[in-house]
Every structure is written in structure tokens, then in C-alpha cells.
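Please look over the model below.

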Amino acid sequence: MTVRAILPRVRAQLSVILILLAMLAAGITLAVVAMRGRGGNPSEAQQVQQIAAELHCPVCKDLSVADSPAPLARQMREQIAQKLRAGESPDQIRAGFVAAYGDSVLMSPPKRGLSAAVYVLPTIVIAAGLVFAVTLVRRWVRRPEAEPVEDDAAPMSASDRRAVRGAVARLRQEEPDQ
Amino acid sequence: MSYVTRRRALLLGVVVVVVSAVAVLLSVGLRRDPSAAPSPLIGRIAPDFTLSQLDGKPFTLSTLRGQVVVVNFWASWCTECHTEQPALSQTWQRFQDSGVVVVGVNFQDTTDDAIDYVRKAGVSYPVVEDSDSRTALAYGLRGIPETFVIDRTGRIAARIIGPVDATKLTNQINSMLSAGEQ
């Protein structure tokens, strides 16, 4: 097998390795970000900030309660602080707001019911994309083998060679000027 | 059936399913009344509150159990609240002797501005001040005006976003009153 025949296979294998490396890098980055989020015991202000960052400001567009300058968001932050002081856990506080506003008050939709699709769909799409990529790569690898390669062609038989030589000679006789 | 034909049929099937799903979602969504907003509180006991009225007297919602209560969140700076005010006053005048109470909850306003507006607009139903928005947050308020209709058992029957429509509110109250008589 010549270098030209091997090249597509090598290129395809390299693509697979690159895809796997990119996925590994993404996974490591996500893990590092997730680990960094967990520190020691946060202060009350930090806890308020954390809970507020997980809640949508009800009177704003695409702003969390932590980021919003709206008076209602400020009052929500005050209420979170009061509830923490009263001994409520972050989960209980979140549940209180969900009871009044529904799941839409959460910045990240819950992993149940129809909202679970937000978490499941990307996985399905990534899996489908991987299957598609693997199928494509396998086709690239197979294609050069299916096509006849010039270097690997069977040598001409003696009779074929004679027939070609005869045809060339006849052509030369018919067109003597050329 | 050849492989290519089967693939085309499958693709067509997927397109038909997706388009049908979008069409169904749109037809359901477009038929909904945008002012009748869903709320997780509908069917649940209305969050109780004790707030000061504009004259300083306390007002507790749960003392009205057995009556139909219309809780309207408003502010003097809110122009849409001015638009709906006649409908609320009309409802109060029409139904106050039939076991219906209208309560105005003043939201993010100053006491002076609220008193001034109430006097000028001739509001005669009770108006309370929610100075720290605690009640607004308990009702899942997303803006004003917003109105909640509470039945005789103390459960929230309806949530109206935006200015109330006098006819719709009257129909709602009539159906609740007639349901209570049965």
C-alpha cells in the first residue's frame, strides 16, 4: 500500500483523536469550574448572593435577583437574608419563591418534567452528532479502498500490450503529419 | 422499497411530526387569554397578610374568609392602574352588599402619593400598604396592575395580569357567588 492510499486513513484517525482530545479538554474545564464553586463556609452575604444568583428577577428581563438593581430584586435579597437569619436553608428559601412564582423563577430549570428536556436534549444531540461523525469518518476511511488505485492496478497482459502497440502504430500511419 | 426511498420517507415523516408539533403548540398558545396568566397559587389558599390601611388601621385578609375577595396590586405612578380603577370601584359598589370585598394593595409607592390618588379617584374600598413588598412576593407578583380573585374558602380562583376588564371580573364574581349558593 502506497503513501497516497494510507493518507486518508491517517487523516481520519487524526480527526477522531482530535475530537476525543477536544471532548476531554471540555470535560476537564467543566470539572475545574465545578470544583472551584465549592469553597468553605460562606458568609451570610455570600449565601444571599449565591441564592439570589439562582433566582430570576421577576420584574426584569434576563437578570438574576443578584444582578438586578430593581427595588423588588433588592427586597427579595433582603427577604433572603431575613430567612437565612431565621434559620431557613437555601433549599427552603428557593422553594418559597418557587411556590409563589413557579419554576420559571429559577435561573436553571429543574431536572424534572418538561424542563428535563433542557438537560436531556443536548446529550441526545451530542450523541447523535458523535454517531454521525463516526459514520462519516468510517466512510472516508473505506472510500479509498473501494476506488481502484493506479499504483495497485494489475499489470497489462502481453496480448493487451500488443493490441495497444498495434493501435498506436495504426494511428500514426493514419496521421503522418503529427 | 429501496434504501434511498426509505430514507426519504423517514425524513419526510420527521418533518411532518415536527411541523405538526409546532402547529399544535401555536394553536394552543394563541387561543389562551394573555391576561389570565397561570400561577402556581391558583387553587391554593391565598397567602395571608396583615398590613396597615392608609389611615393606619390594620387589615388582615384571613378575616374575610367566607367572602369573595378581589386583591388588586397597584401604585399611584402606574398609568394602567388608573385605567382599571373605575372597573374596580364599579365592582366594589355593585357587589359590596353581596359578600364581595375589593382590597387595594399599594405597591412600591409613598403613603402621601397613595392617599392623594385615592382621594382624587374617589376610591372607597380598603387600601393597604405593602411597604416591604413581602405580600407582593408571596403572591408571585411580576408587575402591576395585577389582580387575584379569592373564593369564599380562601383559595385563589384567578389571577389577572394587566388592567381588569369590568365585564370579565363581574362574570367571574357572579359564577363564584352562584357556586357558593349551590
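**A strand and its neighbours**

Start at a turn in this predicted model. Five residues lie between strands S6(B) and S7(B) in their hairpin, and there B:Gly154 takes a positive phi near 90°. Across the pairing, B:Phe148 stands opposite B:Arg159 of S7(B).

S6(B) has another partner. Strand S3 of chain B, residues 68-74, is joined to S6(B) by five bridges. These two strands also run antiparallel. Here B:Asn72 has B:Thr147 as its bridge partner in S6(B).

Is S6(B), residues 146-150, mostly covered or uncovered? It is mostly covered: five of its five residues are buried. In a regular strand, side chains alternate between the two faces of the sheet. In S6(B), B:Glu146, B:Phe148 and B:Ile150 point one way. B:Thr147 and B:Val149 point the other way. Both sets are buried, B:Glu146 included.

Now turn to the contact between the chains. Chain B brings 13 residues to it, and chain A brings eleven. On the chain B side, six of the residues are nonpolar, four are polar and three are charged.

How far does the predictor trust chain A? Its mean pLDDT is 84, and 85% of its residues reach 70 or more. Among the elements of chain A, helix H3 (residues 71-85) has the highest mean pLDDT, 96. Helix H1 (residues 3-36) of chain A has the lowest, 78. Where pLDDT is low, predicted coordinates should not be read in detail.

Definitions and conventions. Residues numbered from 1 in each chain as written. Chains lettered and ligands numbered in written order. Predicted model: local features only at pLDDT ≥ 70, side-chain atom pairs only at ≥ 80, totals over all residues. Buried ≥ 20, exposed ≤ 12 C-beta atoms within 10 Å, placed from the backbone. Helix = DSSP H or I, 4+ residues; strand = E, 2+ residues; numbered from the N terminus. Pairing = 2+ DSSP bridges. Contact = placed C-beta atoms within 7 Å. Nonpolar A, V, L, I, M, F, W, Y, C, P; charged D, E, K, R; others polar. pLDDT = per-residue confidence, 0-100.
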